[in-house]
Amino acid sequence: MSERALVGEASVPRLARGTRLQFDKHREQWIVQAPERLFVLDPIALEIVQRCDGVASVGAIVDGLAAKFDAPRDIILRDVNTMLQDFADKGVMSL
Amino acid sequence: MSQISPPLALLAELTHRCPLQCPYCSNPLNLERASQELTTAEWKRALDEAAAMGVLQIHFSGGEPTARPDLEDLVRHAHDGGLYTNLITAGVLLDERRIARLVEAGLDHVQLSFQDSEPGGGDRIGGFKGGHAKKLEVARLIRAAGLPLTLNLVVHRQNLHHLEGLIAMALDLDAHRIEIAHVQYYGWAFRNRAALMPTRAQLEAATATVTAARERLKGRVVIDYVVPDYYARRPKSCMGGWGRQFLNISPAGRVLPCHAAESVTSLSYDSVRQRPLADIWLNSEAFNRFRGTDWMSEPCRSCDRREIDWGGCRCQAFAILGDAAATDPACGLSPHHEALVRIAEADSAAEAPEFEYRRIGAR
């Protein structure tokens, strides 16, 4: 059993095995399915999760979001870190 | 009544057959026989209907779902229909080849039960010799196959002293998640209540152990915790509300708001053999009887928690009070709550009686 993984700019996140990103057409929302759990993604969370492909680093993801939304990088970095750490602690995201 | 939302999850009880005989089994006392079970084709149709009405997750359960040779076929069918597939198993019938076939069929996740942290207690509580050792082997095979694993640990007065050991075992087995659930007293567990009920001190010690483990293991393993509600101040939000998020199909095809609902003998339930699943969900008398808040009387009716806990558990109100429409006596606002606490205190203080093991035809 590994130690708790902490998110940093060099982390390369991907959805953990046993979770699934999908569009719920009945409720018209994006969700991540996990064992006996369901996470509804708002548009910002969806932007982040869709970029967590096991290739891009957190730093690269933040760069991409900062460019797309023309927003301060440090604020985006903080928001991305917070969300990914929460998902990692819930076993939804692998780092 | 506002618009009825579709259910999120379906518990598919494929069979009531099981090699284990746990005295707190969630199946009804009247176990259904193999000859009554839905066929493969009937299950596939039910899965299609569930997906079409908006169900997102399917939990294959039982009894022991791996006792059905068509499990892989049903997992594949559910997976191909876009459903998230979870297997809830005792594990003792699984081997490496069967696990590989389930992975190949698209299984997303496994919940494996343990009855204790050591073989003596595990085999005795489950009523299956050699079961604990087999489960350890199967847990390792599940992880070796790359499947994410939750350990389901039902706790009670006869294994709570091993709670730390159970958590350590889950870590050793590389589980991603641990579900520590105190026994809920319906059906078999209601019958075995005196053999299972913890004292309030045991409950408080267990809660402290879980709280400390959650802190210590944050980011490494997720721990879910279900408390025994006889000692509670407020009732559990049973199933997130009757007919709100969840439905259950019994081995013979009866559609239930929860796995214990057949204990409410004042209601009758429709079958997927006779009526479309969506029609049962939306329009059947049983699902509408306790849906929402209109059915409530006081103290629920004017309670500011009525849309939080939805009146608690209908099965418990029926089991204790004989009235499924009463406030769950687990609620401190119920006039019957003190009597419920006294039952728990008396059961837990007396010497534990022998288990009455769960088996077909035991009644």
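Me: How many residues of chain B are in contact with chain A, and how many of these are charged?
Reply: In this predicted model, 20 residues of chain B are in contact with 17 residues of chain A. Sorted by class, the side of chain B that touches chain A has seven nonpolar and eight polar residues, and its charged residues number five.

Me: Among contacts in chain B between residues at least 6 apart in sequence, what percentage join residues at least 24 apart?
Reply: Chain B holds 13 helices and nine strands, and its mean pLDDT is 95, with 99% of its residues at 70 or more. Of the contacts in chain B between residues at least 6 apart in sequence, the share that joins residues at least 24 apart is 72%.

Me: Which residues of helix α12 of chain B are buried, and what is included in their cover?
Reply: Helix α12 of chain B spans residues 314-321 and is mostly covered, with six of its eight residues buried. These buried residues are B:Arg314, B:Cys315, B:Gln316, B:Ala317, B:Phe318 and B:Ile320. After the helix comes B:Gly322, whose phi is positive, near 75°. The cover over the buried residues of α12(B) includes a helix of chain B at 337-349, namely α13.

Me: Is B:Arg306 buried or partly exposed, and why?
Reply: B:Arg306 sits in the loop between α11 and α12 of chain B, where, leaving aside residues up to four places away in sequence, B:Arg306 touches B:Thr293, B:Met296, B:Cys300 and B:Gly311. A residue needs 20 or more other C-beta atoms within 10 Å to be buried. Because B:Arg306 has 16 C-beta neighbours inside 10 Å, B:Arg306 counts as partly exposed.

Me: Where is B:Pro299 found, and what is the omega of the peptide bond from B:Glu298 to B:Pro299?
Reply: B:Pro299 is found in the loop between α11 and α12 of chain B. The peptide bond that leads from B:Glu298 to B:Pro299 is cis, with omega near 5°.

Me: Which strands stand at the edges of the open sheet of chain A, and why is one side of each left without a neighbour?
Reply: The open sheet has three strands in the order β2-β3-β4 of chain A, with antiparallel pairing. Each edge strand has a single partner strand, so one side of each is left without a neighbour in the sheet, and the strands at these edges are β2 (20-24) and β4 (37-41) of chain A.

Me: Which residue is the bridge partner of A:Val32 in β4 of chain A?
Reply: Strand β3 of chain A, residues 29-34, runs antiparallel to β4(A) and is joined to β4(A) by five bridges. In β4(A), the residue that partners A:Val32 is A:Phe39.

Me: Where does A:Glu36 lie, and what is its phi?
Reply: A:Glu36 lies in the loop between β3 and β4 of chain A, and A:Glu36 is partly exposed, with 17 other C-beta atoms within 10 Å. Although A:Glu36 is a residue other than glycine, its phi is positive, near 55°.

Methods: Residues numbered from 1 in each chain as written. Chains lettered and ligands numbered in written order. Predicted model: local features only at pLDDT ≥ 70, side-chain atom pairs only at ≥ 80, totals over all residues. Buried ≥ 20, exposed ≤ 12 C-beta atoms within 10 Å, placed from the backbone. Helix = DSSP H or I, 4+ residues; strand = E, 2+ residues; numbered from the N terminus. Contact = placed C-beta atoms within 7 Å. Nonpolar A, V, L, I, M, F, W, Y, C, P; charged D, E, K, R; others polar. Pairing = 2+ DSSP bridges. pLDDT = per-residue confidence, 0-100.
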